[in-house]
Structure formats: structure tokens, C-alpha cells
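Biologist: I would like to learn how to read a model like this one. Can we go feature by feature?

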Amino acid sequence: MIPVPTGTRVWLATGHTDMRKGFDALRHGLHVAKYLKAIRWRTPFDTICKAWTKDSTRFKIGSRHLIPGSNT
């Protein structure tokens, strides 16, 4: 048994966790998972697509969106 001082944080990696990126990347990943859980695991694109199929009259096509750009 390893003695651990009081107040020390201990992280347990169970499963396929890549710890080479450090704890900042792990914390960011947990933050993203918490955000996705809050929006029921749907990305903003999924939410817009679901709203479009439910009621497409909410979306308006503006004339500025139809102007051809450098990528057309």
C-alpha cells in the first residue's frame, strides 16, 4: 500500500484512457462529455436538423445566403 498525504488528489484510469496528453486534456474531455450530456448527446448540427424536419417554416433563406462566393 502506498501512503497518500491528506488532501492529495488521486485519479484512477480504468479502461482505454490516453494519459500521454496530461490531465488538462482529460479534464477538457470530461467537460465536453458533461456538456453533451446536458444537451442529450446531440451536437448543434443534430439539433438544427431535428428542428428543420419538425417545422421547416421556422428557417428563412435570405438573399445574402444565396450569393455565390469563392468556394462555388
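Modeller: Start with helix H1, residues 23-38. At 1.5 Å a residue, its 16 residues should span 22 Å, and the end C-alpha atoms lie 23 Å apart, which agrees. The expected span is 1.5 Å times one less than the number of residues. This is a predicted model: local features need pLDDT of at least 70, side-chain atom pairs count only at pLDDT 80 or more, and totals for chains, interfaces and linings use all residues. Residues are numbered from 1 along each chain as its sequence is written, and side-chain values use heavy atoms, with hydrogens and water left out.

Biologist: How many helices and strands are there in the chain?

Modeller: Helices (H or I, at least four residues) and strands (E, at least two) are DSSP runs, numbered from the N terminus. Here the chain has two helices and zero strands. After H1 comes Arg40, with a positive phi near 60°.

Biologist: Does H1 lie in the open or is it buried?

Modeller: Buried means under 20% relative accessible area, exposed over 50%, partly exposed in between (1.4 Å probe, protein chains only). Zero of the 16 residues of H1 are buried, so H1 lies largely in the open. Across the chain's 72 residues, buried ones make up 1%.

Biologist: Which side chains meet in a salt bridge?

Modeller: A salt bridge puts a side-chain nitrogen of Lys or Arg within 4 Å of a carboxyl oxygen of Asp or Glu. The structure holds one. Asp24 and Arg27 form it, at 2.3 Å, N to O. They are three residues apart in helix H1, so about one helical turn separates them. Both Asp24 and Arg27 are exposed.

Biologist: What is Trp11 in contact with, leaving aside its neighbours within four places in sequence?

Modeller: Contact means heavy atoms within 4.5 Å. With those neighbours left aside, Trp11 contacts Phe23 and Leu26. Trp11 sits in the segment before H1. Its relative accessible area is 48%, so Trp11 is partly exposed. The C-alpha atoms of Trp11 and Phe23 are 9.2 Å apart, with the two residues twelve apart along the chain.
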